[in-house]
Amino acid sequence: MKFRTMLLASAAVMFTSSAFAADITNPFFLPTQGKFLSDTSVEYSRAKMDLGAQLGEVVGKDIYANETLTFGLTDNLAIVGSIGNTFDYDKDDELNNDHNFDYMLGVKYNHNFGKVLTQVGVSYWTMDPRSWYGTSGEGDEYDTNRWEKELGGYVQVGYDMGCFTPYTYFSVDSNIDKANREQNYTWFIGAHKMFDKVALDGGFRYAFGDEDMGNGQGDAHEEAWFVEASADYYVKDNFTLGIYGDYYLGGTGHEDVDYDYTIGLNAKVLF
């Protein structure tokens, strides 16, 4: 009986360890039923554009913080919600204050075909322009009388090669609050690699879409290529600290961009 009890205890310990040994930084990871995944991040973005002799060089800087919570409804289905804030880094720029919130609510679903991994998701994103720009922008491009709203969706496919996962995703975001219904698309191809206590992720992102130029000028087609990467360290099996970033490589409609990059820090906790 003592030997049987010892075997059962050992099995329980192994099960508990494997439950927490999941790679929570993997792009296909979803918390199992009843579990939460918290993803807290803060990032700094900087871009420099040369607008010619009249306007000269313009440098834009942003600090953005975000908290995202994902809750497992089942082992393959989760709801996700987030709140973010863009801080008024330059006190003389166009933002109204330091409380410029945006909100997102969505659903994610996983389904695996052997080693082929798939994930689909939909989301609703919104923000109140009045919290960003005040009321001085009423009637102009900010349309501050109403909340801005977007619907988004994506499809992600990968192949599980053990501790290495090449993957790709395609996403679309559409503004549903304006008459022109601007749509922006993103295609990413990259890979995720898990080591003992470190997870690496990287690849190339292609973004394209039509932007409303306003004042009756119609839409302008824009394209941009970025390289992006991240590294996460497992402090515990259910807690990681990471660094991530991207860098603008070029694209049509962006000829005047000297540089454009983002660097951020994040922490993930599974509980």
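1. Phe 170, Tyr 185, Tyr 206, Phe 208 and Trp 225 are joined by ring pairs into a cluster. Rings of Phe, Tyr and Trp (its six-membered ring) pair if their centres lie within 6.5 Å; planes under 30 degrees apart count as stacked, over 60 as edge-to-face and the rest as tilted. By this rule there are 13 aromatic pairs.

2. The model is predicted: local features need pLDDT of at least 70, side-chain atom pairs count only at pLDDT 80 or more, and totals for chains, interfaces and linings use all residues. Residues are numbered from 1 along each chain as its sequence is written, and side-chain values use heavy atoms, with hydrogens and water left out.

3. The chain contains three helices and 12 strands. Helices (H or I, at least four residues) and strands (E, at least two) are DSSP runs, numbered from the N terminus. Of its 271 residues, 31% count as buried, where buried means under 20% relative accessible area, exposed over 50% and partly exposed in between (1.4 Å probe, protein chains only). Contact means heavy atoms within 4.5 Å. Among contacts between residues at least 6 apart in sequence, 50% join residues at least 24 apart.

4. One of the aromatic pairs is formed by Tyr 167 and Phe 188; it is tilted because the ring centres are 5.5 Å apart and the planes stand at 40°. This pair links distant parts of the chain, with Tyr 167 in strand E7 (residues 164–175) and Phe 188 in strand E8 (residues 183–194), 21 residues apart. Tyr 167 and Phe 188 are both buried. Phe 188 has 0% relative accessibility and therefore counts as buried.

5. Phe 188 also pairs with Tyr 169, and here the arrangement is stacked, at 5.3 Å centre to centre with 20° between the planes. Tyr 169 lies in strand E7 and Phe 188 in strand E8, 19 residues apart, and this pair too links distant parts of the chain.

6. Thr 186 belongs to strand E8. Its relative accessible area is 14%, so Thr 186 is buried. Not counting residues up to four places away in sequence, Thr 186 touches Tyr 169, Phe 170, Ser 171, Arg 205, Tyr 206 and Ala 207. Among these contacts are Phe 170 and Tyr 206, which are members of the aromatic cluster.

7. Two charged side chains lie over ring faces. A charge sits over a ring if NZ of Lys or CZ of Arg is within 6 Å of the ring centre and within 35 degrees of the ring normal. Lys 193 is placed over the face of Phe 195, 5.2 Å from the ring centre. Arg 205 is placed over the face of Phe 226, 4.4 Å from the ring centre.

8. The second largest pocket has a volume of about 260 Å³. On a 1 Å grid over the protein atoms alone, a pocket is an open set of points where a 1.4 Å probe fits, with protein on both sides within 12 Å along at least five of seven lines; lining residues have an atom within 4 Å of a point. Grid points are joined across faces, edges and corners, and a volume is the space filled by probe spheres set on the points. Of the 13 lining residues, the closest to the centre of this pocket are Phe 28, Phe 29, Leu 30, Asn 110 and Asn 112. Strand E4 (101–113) and strand E5 (116–127) are the elements that give two or more residues to the lining.

9. The lining of the second largest pocket divides into five nonpolar, six polar and two charged residues. Ala, Val, Leu, Ile, Met, Phe, Trp, Tyr, Cys and Pro count as nonpolar, Asp, Glu, Lys and Arg as charged, and the others, Gly among them, as polar.

10. Asn 110 is in strand E4 and, at 10% relative accessibility, counts as buried. Leaving aside residues up to four places away in sequence, Asn 110 touches Phe 28, Leu 30, Asn 76, Thr 118 and Gln 119. Asn 110 and Gly 121 are 11 residues apart in sequence and 9.0 Å apart in space, C-alpha to C-alpha.

11. Asn 97 sits in the loop between strand E3 (77–87) and E4. With 24% relative accessibility, Asn 97 counts as partly exposed. Its contacts, not counting residues up to four places away in sequence, are Asp 88, Ser 131 and Trp 132. The C-alpha atoms of Asn 97 and Ser 131 are separated by 7.6 Å, and the two residues are 34 apart along the chain.

12. Gly 250 is in strand E11 (residues 239–250) and counts as buried at 18% relative accessibility. Gly 250 touches Glu 223, Ala 224 and Trp 225, not counting residues up to four places away in sequence.
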